[in-house]
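Subject: Structure for you to look at

Hello,

The structure is pasted below, and my notes on it follow. Please read them with the model open.

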Amino acid sequence: MTAPTSATATGSGPGGGPLVIRLAGVGRTFAGPPPVTALHPSDLEIRRGEYVAVTGPSGSGKSTLLHLLGLLDTPSTGSYELDGIDTAGLGDRDRSTLRGQRIGFVFQSFHLLAHRTAEENVLLAQLYNRTPRARRRAAAREALARVGLAHRTRALPGTLSGGERQRVAIARALVNGPSLLLCDEPTGNLDSANAEAVLTRFDDLHAQGHTLVVITHDPAVAARAERSVRIGDGRLREPGRPAVDG
Amino acid sequence: MARSVLPGPASRLGLRDLVAEALSGTLQRPGRTALTMLGTVLGIGAFVAVLGLTATASGQIGERFDLTRATTVTAGDHPSGDGLPPGVEPPTSFPPDTDARLARIDGVRAGGLWWPVPGAPPLAATPTGPDAGQGLALLAATPGAVAAMEPTMVAGVPLDPYVQESRQPVALLSSAAAERLGVSRLDAQPAVFVAGIPYTVIGVYSEVRRQPGALPGVIVPASTALERFGSPPPGGERGTQALVATRVGAAGAVARQLPLALRPDAPEAFTVVPPPDPHGLRDGVASDLTGLFLALAAICLLVGAVGIANTTLVAVLERTEEIGLRRSLGARSRHVAGQFLTESTALGTLGGLIGTGLGVVTVLAVAAARDWTAVLQPAATLPAPLIGSVVGLLAGLYPALRAARTDPLKALRSG
């Protein structure tokens with residue numbers, strides 16, 4: 001890899017864990033006219049077990065980074081390795097497979113299917129990744145139990161509080177044992193009490209060794225992470241590290 | 001397709017999961033599903049009902065026109081009185097050798113002339129006995145006409161050409177007439193008396209296939225009747241009639257040829273009554289009603305398809321967020337397309353099943369109300385739900401394409 005290595009993260013993370021995310025000179029430009037550079041070429045490394053917050057004001061390029069990390073978008077430049085797999089040049093089939101098996105998404109607006117129970121919403125995550133049918137229900141219940149919702153498996157989203165809904169979404173993200181939990185403003189739609197409950201879950205998951213990337217504009221949320229990356233005007237900066245410029 | 005470069009299996013969506021997801025999507029909104037299916041239900045229902053009713057009605061026509069009727073041709077006489085002085089009745093138009101001329105027509109099994117004996121002469125068991133002829137028909141008939149009646153002989157023989165030519169005083173009795181006239185056995189050559197003159201009974205019949213007017217009755221040779229009772233009035237119900245038994249399927253041709261075969265010089269003297277053509281009736285029903293209703297059914301199906309396409313498209317637009325979510329959970333674009341395609345196909349199939357059921361019920365109800373035998377052709381009924389599936393599948397193509405092209409980014413942002 002010939003990309004700049006000046007911003008490789010090794011210091012604050014738990015040292016020798018394998019790399020989950022490795023961005024090398026990754027940038028994203030949207031075709032014009034005029035062309036818009038949403039993310040300047042940036043480097044970022046995240047190791048297994050890290051809890052990283054990506055902060056920045058709206059329009060700073062946070063969403064672009066989230067979509068690139070989540071394989072929902074492809075970088076214009078640079079290379080992105082997920083679990084050591086170079087994602088450049090992968091087709092829809094492989095990108096979908098990686099998304100389904102290695103990334104758990106948590107969205108600001110939960111994205112639960114309103115007509116399905118909490119358990120059925122979690123089951124949905126196992127639909128596309130070859131989980132044997134017989135194992136799905138037990139796995140879904142276990143995931144719900146891990147977010148403290150073992151008693152609400154049959155509840156419809158409409159009967160759940162916002163915090164409970166987000167916990168169902170977290171259970172859905174966890175159920176396939178992903179390498180990475182990618183959270184987009186996970187507390188953005190929650191009041192402070194519910195937000196706190198969700199953040200506590202994140203602390204627990206971090207303690208259990210999960211890798212979390214939380215994208216937020218809320219400094220209080222970012223403060224819970226062990227490592228913070230700032231993004232502004234499409235440039236990634238990590239406090240205490242030299243700025244990365246393309 | 002690019003080969004996977006990843007270790008381990010790729011994303012997939014099992015058939016069972018696909019169908020379960022599609023059904024779940026369909027059944028979530030039962031009201032909308034029902035309305036969406038309506039067009040397909042009506043179209044398939046109309047299709048099944050029209051074909052079923054056509055088959056049922058055709059079966060009815062087939063039953064009504066049985067084999068005997070289909071092989072019977074009758075002809076009446078309306079002789080021209082032109083050139084005759086007033087008060088003088090014209091002679092019958094039938095030639096004397098009618099039996100032979102009829103027999104020469106291709107397709108004729110037997111044929112001849114008959115008429116009610118004019119003057120209603122008294123019938124009696126003894127020369128001076130009381131008239132026992134009340135309610136008995138006294139018919140004059142040629143041997144060909146008797147053969148065309150196809151009587152079931154319980155004793156003796158029917159008329160033969162000899163008794164006709166030699167004007168024998170003989171008679172055929174129906175079994176009811178024989179009982180009334182006290183004739184029980186033929187070996188003693190019993191006689192019945194018509195206007196006081198003895199006629200030897202040569203045969204007794206129980207049934208006739210044609211000309212049920214001969215039951216109960218007495219038949220005497222046409223030649224004998226002509227000699228003793230004179231000519232029948234020309235034309236009309238009491239006039240001379242031709243009765244022809246044809247081979248199956250030949251009745252139409254025989255009816256067309258009959259006037260020319262009898263009177264090449266005056267074919268217009270006869271009124272020929274061929275049996276109603278069952279094929280013609282069936283074809284008439286098929287061409288008029290069936291064509292119209294099948295066109296309506298096709299329009300219903302088209303409307304149904306548009307309805308399903310519209311609803312599925314609306315569903316795709318409504319569920320953009322769900323599409324994005326599924327993509328984030330590892331669904332490939334083809335999985336998303338497959339799901340919506342399966343949903344529209346399920347809608348069409350369900351509509352087809354319900355429509356087929358309604359169509360069958362309609363056919364059964366109409367048949368029951370009319371006392372008909374319901375006829376449902378498996379070839380038209382069983383594939384009907386599949387037509388619904390095809391309609392649903394076609395209707396879902398465009399919406400599924402739209403779903404597959406939905407950008408997961410935008411979809412997830414819309415929440």
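**A salt bridge between the chains**

The side chains of A:D92 and B:R327 form a salt bridge, with N and O 2.7 Å apart. The term salt bridge is used here for a side-chain nitrogen of Lys or Arg within 4 Å of a carboxyl oxygen of Asp or Glu. Side chains of opposite charge can pair when their charged atoms come close. The rule finds 4 salt bridges across the interface of chain B and chain A.

Before going on, note that this is a predicted model, in which local features need pLDDT of at least 70 and side-chain atom pairs count only at pLDDT 80 or more, while totals for chains, interfaces and linings use all residues. Residues are numbered from 1 along each chain as its sequence is written, chains are lettered from A and ligands numbered from 1 in the order in which they are written, and side-chain values use heavy atoms, with hydrogens and water left out.

**The rest of the interface**

Chain B brings 36 residues to the contact and chain A brings 31 residues, where contact means heavy atoms within 4.5 Å. About 3,400 Å² is buried between the two chains, and carbon and sulfur atoms give 56% of it. Buried area is the accessible area (1.4 Å probe) that two parts lose on being put together, summed over both. Of the area that chain B buries against chain A, 18% comes from B:L6, B:L329 and B:L409, more than from any other three residues.

**The largest cavity**

The whole structure has 5 cavities of 30 Å³ or more, and the largest holds about 50 Å³ of space. A cavity is a set of points on a 1 Å grid over the protein atoms alone where a 1.4 Å probe fits but cannot get out; lining residues have an atom within 4 Å of a point. The volume is the space filled by probe spheres set on the points, which are joined across faces, edges and corners. Residues from both chains line the largest cavity, among them A:F105, A:R172, B:S328 and B:L329. Strand β6(A) gives the most to this lining, with 3 residues. Strands (E, at least two residues) and helices (H or I, at least four) are DSSP runs, numbered from the N terminus.

**A salt bridge within chain A**

Over all chains there are 29 salt bridges. In one of them, A:E50 pairs with A:R227, the closest N and O atoms being 3.0 Å apart. A:E50 lies in the loop between β2 and β3 of chain A and A:R227 in strand β9, so the pair ties together parts 177 residues apart in sequence.

Regards

Definitions and conventions: On a 1 Å grid over the protein atoms alone, a cavity is a set of points where a 1.4 Å probe fits but cannot get out, and a pocket is an open set with protein on both sides within 12 Å along at least five of seven lines; lining residues have an atom within 4 Å of a point.
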